[in-house]
Amino acid sequence: MTNYYKYLILIMMAILGSSPLLAQKGTNRTEPPKLPSKGICAHRGAVEKHPENTISAFKEAIRLGAQMIEFDVRLTKDKQLVIMHDTLVDRTTDGSGYLHEMTLRELKRLDAGSWKSIQFKGEKIPTLQEVLEIMPDSIWLNIHLKGGKKLGRKTAKLIVAEKRLHQSILACEKDAAKKVRKVNAAIKMCNMERSSSRSKYIDETLVDKFAFIQLKKSRENDSLAIDIARLKKNGVHINYVQADTPNHMHQLLDQGIDFILTDHLTLLLEAFSNNNQSYSSQNKNSTLNQQ
């Protein structure tokens, strides 16, 4: 082969290697995408008009621009990871009984959409794998584990295998957390082990080195400003349940809350978007993308 042809081949390789289309394929990304440092979390997806914890609700939350999406994971009888909040399937499907007593095949026969609207007739209970497949890699996944050690281990393994480590927060209790850390100590977790008081809950979050905490407006909210200051001082990121009005949202974000869970996603996202520039400047030194 002449030097001329070798030279042409080298040029073509350089051009192809720098192509944006090719760079998006596979795992060629050298760094994970930057994630939001503040924002609105779609509680079980966009649930105002869509059935909770379904692919439809998650796709709508993505379309609306949610910075974080929260959903619940449980184990089936045959140890498959599926998305559902309740222990019983009764409220959100046309079936009846305990989810953990049903196989994935049995659960997939149920209608998980008609209870919300006839528009969603035939909507299925999704698996965690199916949910991960539709999620962009630039938003936070707030994955609430509704179970203990086995669920923690199995979920953590899937998160690692699917290369979702950078954006996943496993919200769990201590038993599950122990197994998650054994799979991969770098997985971010939110402490869901409730205590007798918020002060004790914060103490245990700090001792056990959880990256996130989830505060509730129903628990000792008079001390919120002090609690936020303490958590921020110790580098803990704060999720808050929940706000449903723009005024409450602005108040919480201005106080230092990082992400607000809501069932009124459209309203809060619009209000957040109108002030996003100011919130971004407040958090330009956030450590969220450095963990």
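On a 1 Å grid laid over the protein atoms alone, a cavity is a set of points where a 1.4 Å probe fits but cannot get out, and its lining residues have an atom within 4 Å of a point. Grid points are joined across faces, edges and corners, and a volume is the space filled by probe spheres set on the points. The structure is a predicted model, in which local features need pLDDT of at least 70 and side-chain atom pairs count only at pLDDT 80 or more, while totals for chains, interfaces and linings use all residues. Residues are numbered from 1 along each chain as its sequence is written, and side-chain values use heavy atoms, with hydrogens and water left out.

A search of the whole structure returns two cavities of 30 Å³ or more, and the largest cavity holds about 70 Å³ of space. The lining of the largest cavity is made up of Glu52, Asn53, Thr54, Ile83, Met84, His85, Thr92, Ala112, Trp115, Ile125 and Pro126. With Ala, Val, Leu, Ile, Met, Phe, Trp, Tyr, Cys and Pro counted as nonpolar, Asp, Glu, Lys and Arg as charged, and the others, Gly among them, as polar, this lining divides into six nonpolar, four polar and one charged residue.

Aromatic contacts were also searched for. A pair of aromatic rings is described by the distance of the centres and the angle of the planes. Rings of Phe, Tyr and Trp (its six-membered ring) are taken to pair if their centres lie within 6.5 Å, and planes under 30 degrees apart count as stacked, over 60 as edge-to-face and the rest as tilted. Over the whole structure three aromatic pairs are found. In the pair of Trp140 and Phe212 the ring centres are 6.0 Å apart and the planes stand at 65°, so the arrangement is edge-to-face. This pair links distant parts of the chain, since Trp140 belongs to strand β4 (residues 140-145) and Phe212 to strand β7 (residues 212-216), 72 residues apart; helices (H or I, at least four residues) and strands (E, at least two) are DSSP runs numbered from the N terminus. Buried means under 20% relative accessible area, exposed over 50%, and partly exposed in between (1.4 Å probe, protein chains only). Trp140 is buried at 0% relative accessibility, and Phe212 is likewise buried, with a relative accessible area of 0%. The rings of Trp140 and Phe259 have centres 6.4 Å apart and planes at 65°, so this pair too is edge-to-face. Here Trp140 in β4 is linked to Phe259 in strand β9 (residues 259-262), and the two residues are 119 residues apart. Phe259 is buried, its relative accessible area being 0%, and Trp140, Phe212 and Phe259 together form one aromatic cluster.

Two strands are said to pair if DSSP finds at least two bridges between them. Strand β2 (residues 68-75) pairs with β4 in the parallel sense over six bridges, and Asp72 stands opposite His144 in β4. β4 also pairs in the parallel sense with strand β5 (residues 168-172), over four bridges, and Leu170 in β5 is the bridge partner of Ile143. In β7, four of the five residues are buried. Strand β6 (residues 188-191) runs parallel to β7 and is joined to β7 by two bridges, with Cys190 opposite Phe212.

Several backbone features fall in loops. A cis peptide bond, with omega of about -10°, joins Val241 and Gln242, and Gln242 is placed in the loop between β8 (237-241) and α10. Arg44, a residue other than glycine, has a positive phi near 65° and lies in the loop between β1 (39-43) and α3 (55-64), where Arg44 counts as buried at 14% relative accessibility. Lys163 is not a glycine either, yet has a positive phi of about 55°; Lys163 is found in the loop between α6 (149-161) and β5 and counts as exposed at 55% relative accessibility.

Key:
On a 1 Å grid over the protein atoms alone, a cavity is a set of points where a 1.4 Å probe fits but cannot get out, and a pocket is an open set with protein on both sides within 12 Å along at least five of seven lines; lining residues have an atom within 4 Å of a point.
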